[in-house]
Amino acid sequence: MLSLAIPKAISYDDEIIMEAGSTPAAKKFSVNFVIDDDNIPLHVRTEFGASSNDDRIILNHKIGGTWQKEFTEKLSWTRPGQQFLIPFLINNNSIIIYENDSFMSSFAHKMDITQVRTVQLWDDFAKLDSVAFKYTKRSKAKRSTDCATAKA
């Protein structure tokens, strides 16, 4: 497991963008947005089947130490051994998940997403090329973007 501290608190309209790859023999990989061990507002797990028709993505969250109901979608977007780019866009109702600039899924907030402190990567990741945290501050007068990037 790899745990990355978020450089500053995330807010609505911010993005977390990951460039990574799975191992050639990957069975699954997961990304968690973590407040603490008992509170995980987003758990995204990709499970690879024997063929891309059997792949699925599972979305879940943990509240007070208890995993909640999983949401499962049959979805094939990457295969074992491939590189991928996953942007997570935080909006005021949900986290929108893209893969290589194509919409993949969304997950409605079940808790305060602005309290997330770390991003965790689990299971069959072969490598992590980078994680970018794009911060967007909004005001009536102007919009500015601050970006922090962690490279592995």
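Buried means under 20% relative accessible area, with exposed over 50% and partly exposed in between (1.4 Å probe, protein chains only).

## Basis

This is a predicted model: local features need pLDDT of at least 70, side-chain atom pairs count only at pLDDT 80 or more, and totals for chains, interfaces and linings use all residues. Numbering starts from 1 along each chain as its sequence is written, and side-chain values use heavy atoms, without hydrogens or water.

## Aromatic cluster

The structure holds 7 aromatic pairs. Rings of Phe, Tyr and Trp (its six-membered ring) pair if their centres lie within 6.5 Å; planes under 30 degrees apart are stacked, over 60 edge-to-face, the rest tilted. F29 and F48 have ring centres 5.9 Å apart and planes at 50°, so this pair is tilted. F29 is in strand β3 (residues 28-34), and F48 is in the loop between β4 (40-47) and β5 (56-63). Strands are DSSP runs of E, at least two residues, numbered from the N terminus.

F29 is buried, at 2% relative accessible area. F48 is buried too, at 10%. F84 and F125 form a tilted pair, 6.2 Å centre to centre with 55° between the planes. Ring pairs link F29, F48, F84 and F125 into a cluster.

## Nonpolar core

A nonpolar core is a set of buried Ala, Val, Leu, Ile, Met, Phe, Trp, Tyr and Cys residues joined through side-chain atoms within 4.5 Å. The largest has 34 residues; I16, F33, F88 and V119 touch the most other members. Strand β12 (residues 125-138) gives the most to this core, with 5 residues.

Notes
Helices (H or I, at least four residues) and strands (E, at least two) are DSSP runs, numbered from the N terminus.
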